[in-house]
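Subject: Structure handover

Hello,

Here is the structure for your own work. My notes on it follow below.

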Amino acid sequence: MSSSLLNLGKSHQKYFPFVRKASENPEIEINTVTIRDLVEQFLLEMNHSLSEMELEEKQSSDNKFSVKKFNFLYLNVQGAELPALKGCGNGILSNLDYVLTGISIEDHFQNGTRLDSLDEYLGIYGLVREATCLPPIGQGNALYKRVRPATAENK
């Protein structure tokens, strides 16, 4: 079963003919949330779970749970990497030092994210591809590393 929300592309069918899309079952309801909303909810829960004294100590020592504490993102969302990154919001992407993500140079998923699109989009935020693992099936992983601050218009 493929967990992708996207339809399987020709390359996926070529390399993995035994895999079917899980969401082809009309009884499955799938709720999604942006990374920004997920992080905001996490931060709210973490900060509310602290006592007032703990929170004051963390704030005064710059240890408060905040988006600035996250500097690494691992992302493998079955062809939807670019929409997921766009759902991070500028605040998150501007603070990341590293992104490890699934990549594709073939059409494993219909309208799926391609490697060149990730290079271009993450480059806006000062993140450049540092390493690539791309097996012959045209689908793998890439590590992006911050080489410069995000451009002013994206902060």
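Contact here means heavy atoms within 4.5 Å. Not counting residues up to four places away in sequence, Arg-146 touches Leu-93, Ser-94, Asn-95, Leu-96, Asp-97, Tyr-125, Gly-126 and Leu-127.

Before the rest, the conventions. This is a predicted model, in which local features need pLDDT of at least 70 and side-chain atom pairs count only at pLDDT 80 or more, while totals for chains, interfaces and linings use all residues. Residues are numbered from 1 along each chain as its sequence is written, and side-chain values use heavy atoms, with hydrogens and water left out.

Overall layout

The protein chain has six helices and four strands; these are DSSP runs numbered from the N terminus, with helices being H or I of at least four residues and strands being E of at least two. From the N terminus on, the order is α-α-α-β-α-α-β-α-β-β. Of the 155 residues, 33% count as buried, where buried is under 20% relative accessible area, exposed is over 50% and partly exposed is in between (1.4 Å probe, protein chains only). The chain exposes about 9,700 Å², and carbon and sulfur atoms supply 53% of that area; accessible areas come from the Shrake-Rupley method with a 1.4 Å probe, and for residues only the protein chains shown count as cover. Among contacts with a separation of 6 or more, 65% are between residues 24 or more positions apart.

Strands E3 (residues 127-133) and E4 (residues 139-146) run antiparallel and are joined by six bridges; two strands pair if DSSP finds at least two bridges between them. Arg-129 has Tyr-144 in E4 as its bridge partner. Five residues lie between the two strands of this hairpin, and Gly-138 in the turn has a positive phi of about 80°.

Arg-146 lies in E4 and counts as buried, at 17% relative accessibility.

Pro-149 is in the segment after E4 and is exposed, at 56% relative accessibility. Leaving aside neighbours within four places in sequence, Pro-149 is in contact with Tyr-125 and Gly-126. The C-alpha atoms of Pro-149 and Gly-126 are 5.4 Å apart, with 23 residues separating them along the chain.

Helix H6

Which residues of H6 (residues 115-124) are buried? They are Leu-115, Leu-118, Tyr-121, Leu-122 and Gly-123. These buried residues pack against H4 (81-86), H5 (90-95), E2, E3 and E4. Gly-126 follows H6 and has a positive phi, near 80°.

Loops

Gln-78 is in the loop between E1 (72-75) and H4 and is partly exposed, at 24% relative accessible area. Asn-111 is in the loop between E2 and H6 and is exposed, at 80%.

Regards
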